[in-house]
Amino acid sequence: MIDVPDAQDNTLTQDGSKITGLAQRVLAFAKREPLAANALIFIGGFYLTPNGWWQLCGFLGLLMVQAFMFRIPDITQGLRQDGWMQAAAIYLSAGVIGSVLVDPAEASMDEVVRWLGGGALLLLFLLVVWQVGRDERTAKMMGRVVVASGAIAAVGSVIVFYIIVPDGLIGDRLKNWFVYGGLHPVCAGLMWGFAATWAACRWNDAAEGHQRRWWLRALVILTAATLLSLSRGALLSLGAGHAMLFMARGWRKAWKPCALLGGMVLAFQLSAPLLTRLADFEEKLKMGTVIGRENAREQLGDVVVTHNPVKELLQRGDNGRLDLYRRVLATMTTPTNLMFGKGLWASDQPWQAGMSWTPEHIHSVFVSTFFHHGAVGLLALLGLLSWGITRCLRAMKLGQDLWLILVCYGVMALTFDGHSMQTLVSVPRFETLLLWLPLAMGCAASARSMRR
């Protein structure tokens, strides 16, 4: 269900078909607001498009069509009117320029083009989001799109991986089937947790009964999917988002979503033995034998729901992250490295060598920023982030606290995961969704308040 503004020509058909009426309203909205419709499709694509290139090509293709038909407003307004957007553009540009200056000989043309293109696309996305976010109704619709897309991906993934796939069993670490045929459970869990935090805020806001029920159902589905991903980063981020929700709204308004989260975590822990028995039963039906969920992790190297999920999560330790961070920092051997980093296209081989696993990225945007841009780049990112949070605080004082809550979720998530804040086409894909999106929307909400 999408919360599209009503219009006189958007009424339901005479036969009372809600689906037909909804389709008419969506098409009418896309006709009136093509840029907003394009942005919402792209954002929903984080959960439902097979890969990032399909998502990106759809976004650019629609923008080209809209530009050809003169249906795009002046999206450069963000650069001309918003200081934070100007700072974001300078930050993205300086990252590429600094990388060329640090070690131009190491840069291959392919790498330069990839990082230049990714940075330019990220800036384009921020400009579009800022423009779209100036309309409060579209900002509310964005939540519907994120939550609905995430819930569809969660339900579909449970059906595929727990029922349809021949070797899939209940309690296996849940991945998002819609992306790459199985997006990594950490990435999937962080994205489902983000949508769950959004749903918790909107459920808390909803006034009408049917809206509250819709948000509540979506919230339960998304929280359950996050738990089934067994991602500790997602759980920590959910905690950070709900803690900010509690602080922003007070216990009278925030106790229900916080209690629901705590209750679902407790229910997941208590129901784990039942899940393992169901998995054993399903395994016997599908394969004619039972390995047992408790032994599956040791024999197959898989992470699954065991009889005691909390114990299993603690036993995993830091999953090699601290060793990874130490190896990355050990490569920063010169004053130039420490001050300005090694550049965006620096080789990963020095810090990958000798590791028991081969990470595709550094798994922390802050450590990664220090590696690529040094202390100067890290301070620039922290300054841009602090300014964005200040703008979100201003929006919160005017009743728009959603963006600050989502920013808190994103900061926690990207402290222990993520590839780069410099590109739209990063390895895990989610940095733009988890942090850039709420920052830009918070600044747009703040800009709306300054116009009043």
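Biologist: Where is His363 placed?

Modeller: This is a predicted model, and in it His363 lies in the loop between α15 (349-352) and α16 (365-397).

Biologist: What makes the phi of His363 worth a remark?

Modeller: Most residues other than glycine have a negative phi. His363 is not a glycine, yet its phi is positive, about 65 degrees.

Biologist: Why is His363 called buried?

Modeller: Its relative accessible area is 13%, and buried means under 20%, so His363 counts as buried.

Biologist: What can you tell me about Arg429?

Modeller: Arg429 also is not a glycine and has a positive phi, about 80 degrees. Arg429 sits in the loop between α17 (402-415) and α18 (431-451). With a relative accessibility of 7% against the cut-off of 20%, Arg429 is therefore buried too.

Biologist: How many aromatic pairs are there?

Modeller: Nine. One of them joins Trp214 and Trp215.

Biologist: Why is the pair of Trp214 and Trp215 called edge-to-face?

Modeller: The centres are 4.8 Å apart, within the 6.5 Å limit for a pair.

Biologist: What sits over the ring of Trp214?

Modeller: The charged end of Arg144, 4.4 Å from the ring centre; the distance limit is 6 Å.

Biologist: And which residues do ring pairs link into a cluster?

Modeller: Phe42, Phe46, Phe59 and Phe125.

Key. Residues numbered from 1 in each chain as written. Predicted model: local features only at pLDDT ≥ 70, side-chain atom pairs only at ≥ 80, totals over all residues. Heavy atoms only, no water. Helix = DSSP H or I, 4+ residues; strand = E, 2+ residues; numbered from the N terminus. Buried < 20%, exposed > 50% of the residue type's maximum accessible area, 1.4 Å probe, protein only. Phe/Tyr/Trp six-rings, centres within 6.5 Å; stacked < 30°, edge-to-face > 60°. Lys NZ or Arg CZ within 6 Å of the ring centre and 35° of its normal.
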